[in-house]
Amino acid sequence: MKIIIALLLSSSIFFAQNDTVYNYILPELKISVAKLNKTNKYLFSRDENIFFLTSKKLTADTNRYNWNYNLNEIKSLQFRNGVATWGGAFYGGIIAGSISFAYGILAAVIYKPKPAEIALVLPGYAAAGFVAGAFIGGILGSFIPAFYTYDNFSSEINIKKKQLRKILYKHDLSRKK
């Protein structure tokens, strides 16, 4: 009887699971997963997404998603960090300024004004086009979400787990800031 009690008490020590599960509440994000030489991107568009990180897997909230992948299959994480207002304004301004400058050159070729008039009008065309394009591009860029990408992961699974823990902790909404 003593042997059976000793075995029962010690079996929990011998067969204990040592796998720690970390849970994170994350903002909108995209995850790229490579499986069988094919890369898939998954968008988690909710403002609060629950993820669980174990020693081998990253799992999304099982009540909302059917998403569960090994850590070695994860290629990149992208977290939303705002909108592309300034990028839209920059590119809109460059494109519209270039078109306006080309229109000014075309008008100078057709109407053949004096060289002094060309020197005054061409920069005006370019500036007016840049300002109008930047304004419109900024408005359109406000509707486009911007993401910050993490994709430089180690190939060793333990190091990759530590890297993912740091990244997920950094973006965790539940931690006190």
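In the hairpin formed by strand 2 and strand 3, where 2 residues lie between the strands, L36 adopts a positive phi near 55 degrees; strands here are DSSP runs of E with at least two residues, helices are runs of H or I with at least four residues, and both are numbered from the N terminus. The structure is a predicted model, in which local features need pLDDT of at least 70 and side-chain atom pairs count only at pLDDT 80 or more, while totals for chains, interfaces and linings use all residues. Residues are numbered from 1 along each chain as its sequence is written, and side-chain values use heavy atoms, with hydrogens and water left out.

**Overall architecture**

- The protein contains 4 helices and 8 strands, which follow the pattern α-β-β-β-β-β-β-β-α-α-β-α when read along the sequence.
- Of the 177 residues of the protein, 30% count as buried, where buried means under 20% relative accessible area, exposed means over 50%, and partly exposed lies in between (1.4 Å probe, protein chains only).
- Among the contacts with a separation of 6 or more, 65% come from residues 24 or more positions apart, a contact being heavy atoms within 4.5 Å.
- The accessible surface comes to about 12500 Å², and 62% of this surface belongs to carbon and sulfur atoms; such areas come from the Shrake-Rupley method with a 1.4 Å probe, and for residues only the protein chains shown count as cover.

- An open sheet is built from 4 strands in the order 3-2-7-8, with antiparallel pairing; two strands are taken to pair if DSSP finds at least two bridges between them.
- Strand 3 (38-44) and strand 8 (145-150) stand at the edges with a single partner strand each, so one side of each has no neighbour in the sheet.
- Neighbouring strands of this sheet are turned by 25 degrees against each other on average, direction ignored, with axes fitted as lines to C-alpha atoms.
- Strand 2 and strand 3 pair in the antiparallel sense over 7 bridges, and V33 stands opposite N40 in strand 3.
- Strand 2 (residues 29-35) is joined to strand 7 (residues 74-83) by 5 bridges, again in antiparallel fashion, and S32 has S76 as its bridge partner in strand 7.

**Nonpolar core**

- The largest nonpolar core has 21 residues, and those with the most contacts inside it are I31, F51, L58, W67, L77, F79 and L168; such a core is a set of buried Ala, Val, Leu, Ile, Met, Phe, Trp, Tyr and Cys residues joined through side-chain atoms within 4.5 Å.
- At least two residues of this core are supplied by each of strand 1 (22-26), strand 2, strand 4 (49-53), strand 5 (57-60), strand 7 and helix 4 (157-170).
- Beyond its neighbours within four places in sequence, F51 is in contact with residues including Y22, Y24, L26, I31, L58 and W67.

**Buried polar residues**

- E28, found in the loop between strand 1 and strand 2, is buried, with a relative accessible area of 12%.
- The side chains of E28 and R80 are joined by a polar contact of 3.1 Å, the term denoting a pair of N or O atoms within 3.5 Å; within protein, one must be able to donate a hydrogen and the other to accept it, and residues adjacent in sequence count only if both atoms are side-chain atoms.
- Not counting residues up to four places away in sequence, E28 also touches several residues, among them F44, D47, Q78 and F147.
- Q78, which is found in strand 7, counts as buried at 13% relative accessibility, and a polar contact of 3.0 Å joins its side chain to that of T149.

Definitions and conventions: Axes fitted to C-alpha atoms, helices over the stretch in contact; angles between N-to-C directions.
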